[in-house]
Amino acid sequence: MTVSFPLVDDPTTSLLAWTTTPWTLPSNLGLCVHPDFTYIKIHDFERNQNFILLENLLSTVYKGYDPKKKPDPKKEPQFKKVGTFQGKDMVGWRYVPIFDYFTEQFEDRAFRVVADTYVTETSGTGIVHQAPAFGEDDHRISVAHGVVREDEIPPCPLDESGKFTSEVKEYEGKHVKDADSQIIKDLQKKGRLIVRGDIRHSYPFCWR
């Protein structure tokens, strides 16, 4: 699914990040871009919002879009391109967190754009949601950018059976996979869910 992260300095513009693990979003501390990629800013006519993502991954948001094909003059355009940015120039941009569970602890160093070359341009949006407790690269990048300290335990609001703890009241007691559907509904209510889809893929998952 694709989730929006409005910029603090421009709430009408959102970074779009793609994730297959909604249950990690309450622990989000950053968004990672590739320093050498060029990102585009578009204006979405239907939503009347601006989005930032990789141009060659626009089909993640606009199904069937092919940048190599000329637009059909009979169809109303879904968006227009209004700007471009290099990933390295986006580093440090602040965004509005989805949840406020960990803002008090991390607000002065988290919820901003970081950069690393592990980001790919083959799927998603070219912007990767970072939950440093749940991914080796997420943790490495967060430490490198000073989002979390090397000797610090990042947000991990789960007990030994994989259920949310009281740190995230709305989902307390729910197993992470059971909580996914509620998190998606809550994102929709907040206006932060841009695209929802189901895919089958393999990723390392062990919750005790």
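1. A residue is called buried under 20% relative accessible area, exposed over 50%, and partly exposed in between (1.4 Å probe, protein chains only). By that rule strand β2 (residues 13-18) is mostly covered, with five of its six residues buried. Strands, like helices, are DSSP runs numbered from the N terminus (E, at least two residues, for strands; H or I, at least four, for helices).

2. This is a predicted model: local features need pLDDT of at least 70, side-chain atom pairs count only at pLDDT 80 or more, and totals for chains, interfaces and linings use all residues. Residues are numbered from 1 along each chain as its sequence is written, and side-chain values use heavy atoms, with hydrogens and water left out.

3. Two strands pair if DSSP finds at least two bridges between them. Strand β1 (residues 2-6) runs antiparallel to β2 and is joined to β2 by five bridges. V3 stands opposite A17 in β2, and a hairpin of six residues leads from β1 to β2.

4. β2 also has three bridges to strand β5 (residues 49-54), and these two run parallel. Here L15 has I52 in β5 as its bridge partner.

5. P6 lies in strand β1. P6 counts as buried because its relative accessibility is 15%. The C-alpha atoms of P6 and Q49 are 9.8 Å apart, although 43 residues separate the two along the chain.

6. Where is K185 placed? K185 belongs to helix α4 (residues 176-189).
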